[in-house]
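Hi everyone, thanks for coming. Please have a look at the structure on the screen, and then I'll walk you through a few places in it.

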Amino acid sequence: PPLDNVINMHDFEVVAKTVLPEKAWAYYSSGSDDEITLRENRTAYQRVWFRPRILRDVSSVDWSTTILGQKSSLPVYISATALGKLGHPDGELCLTRAAAQHGVIQMIATLASCSFDDIVDAATPEQPLFLQLYVNRDREITRKYVQHAEARGVKALFITVDAPQLGRREKDMRMKFVDDGAGAEVQKGQDVKKDQGVARAISSFIDPSLSWKDIPWFQSITKMPIILKGIATAEDAVLAFEAGVQGIVLSNHGGRQLDTARSGLEILVEVIAALKARGYYPSPKFEIFVDGGVRRASDVLKALALGATAVGVGRPFLYAFCAYGQAGVEKAIQIFKDEFEMNMRLLGARTIDELVPEMVDASTLTSH
Ligand code: FNR
């Protein structure tokens, strides 16, 4: 179907499913085990209701914001998703080019199909980029990778902490991994198991021994802000703040890791309460992000009202470029912008700062 017919994020998924090779669809769409968390990522947003305010002169509304000191035209960043070339020959470059056009920030995946340098080269000189890091058992490889990224101007380092082992994505596991050139430039020190799907084939270099004790080492090798991606409890949010990192992503990895883990939105409520109780929130030095299941600007507004700085979006942008290349991603961003305009007007919030907890009723969020 022509791109003009696409009017929301769900449409991109429908089109991607029809155009993608079976292997790519299995890898991208799957969640772990019974996919309960994958579904919960959507339904959690449906349990939060708006409390809109009226008569506030919403003739002009502004949804632009700042994420980790970087300007962003949306309170949304493109989260890291691996292996973009399974779905489109230009892979992640579709994201980079669209992000440049629209002032959106892309998080580059360690396991991107395109090389890190090709992605940075495709960006404009002033375009902010973030990097997602899987930590290698061989720390020298990780040190060089991080320092190279910093030298090339990457603005923040998101260390993925919820994947000491990759989850069992059974749809994906039923596919045999065939190296067809879409693979990431996989890092050394891994034994590639080819009989258990794409995810497992490419991820065996990841160090399961990673612990809180390693955080000072990361802080010693880079001046980039460090964000821990994959925090799932108030306890770990408090530890992250006390470890002196600059932020956290409340995430279950798009429902691809521990099944029946909670949604980022639900985690957010307890995290904000725990940080507030200790005087850690609000803090200009610690930003809180949420990802998983965000498909509408209204979802984003709920997370922001409850205390998030911005949200990450994975699959919708991935499906958009698989189906339509760079133009698809631009359209996805434009849909978000249109939805922000309407929803902020109807909610009575003229700026991101005006989104407050009183604008949502989250009382049924934790009743499942
Ligand atoms: C991911 N995600 C991910 N996260 C990460 O830290 N490193 C990675 O390599 C990947 N790869 C990846 C591949 C695919 C196909 C998907 C769908 C997801 C997780 C991603 O960054 C983000 O947390 C989720 O995608 C957010 O959920 P939604 O927006 O996809 O529902």
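Let's begin with helix 1, residues 9-19: its buried residues are Met9, Asp11, Phe12, Glu13, Val15 and Ala16. Part of what covers those buried residues is helix 13, residues 315-347. Keep in mind, please, that this is a predicted model.

Now to a pair of helices. In general, two packed helices are described by the angle between their axes and the distance between the axes. For helix 10 (residues 234-242) and helix 11 (residues 264-277), the axes come within 8 Å and cross at roughly 50°. That angle makes helix 10 oblique to helix 11, and the crossing is right-handed. Which residues meet there? From helix 10 we have Ala234, Ala237, Val238 and Phe241, and they meet Glu270, Val271, Ala274 and Leu275 of helix 11. Sorted by class, this contact has seven nonpolar residues, no polar ones and one charged.

Next, the ligand. There are 24 residues around the ligand, and Ser79, Thr160, Gly254, Gly314 and Arg315 come nearest. Helix 2 (22-29) and strand 11 (310-313) are the elements that give two or more residues to this shell. By class, the shell divides into eight nonpolar, 12 polar and four charged residues.

Last stop: Ser72, in strand 3, residues 70-72. Is Ser72 buried or exposed? Ser72 counts as buried, because it has 21 C-beta neighbours inside 10 Å, and the cut-off for buried is 20 or more. Leaving aside residues up to four places away in sequence, Ser72 touches several others, including Ser64, Tyr77, Gly103 and Ala310.

Technical notes:
Residues numbered from 1 in each chain as written. Predicted model: local features only at pLDDT ≥ 70, side-chain atom pairs only at ≥ 80, totals over all residues. Helix = DSSP H or I, 4+ residues; strand = E, 2+ residues; numbered from the N terminus. Buried ≥ 20, exposed ≤ 12 C-beta atoms within 10 Å, placed from the backbone. Contact = placed C-beta atoms within 7 Å. Near = placed C-beta within 6 Å. Nonpolar A, V, L, I, M, F, W, Y, C, P; charged D, E, K, R; others polar. Axes fitted to C-alpha atoms, helices over the stretch in contact; angles between N-to-C directions. Parallel < 35°, antiparallel > 145°, perpendicular 65-115°, else oblique. Left-handed = near helix turned anticlockwise from the far one by under 90°.
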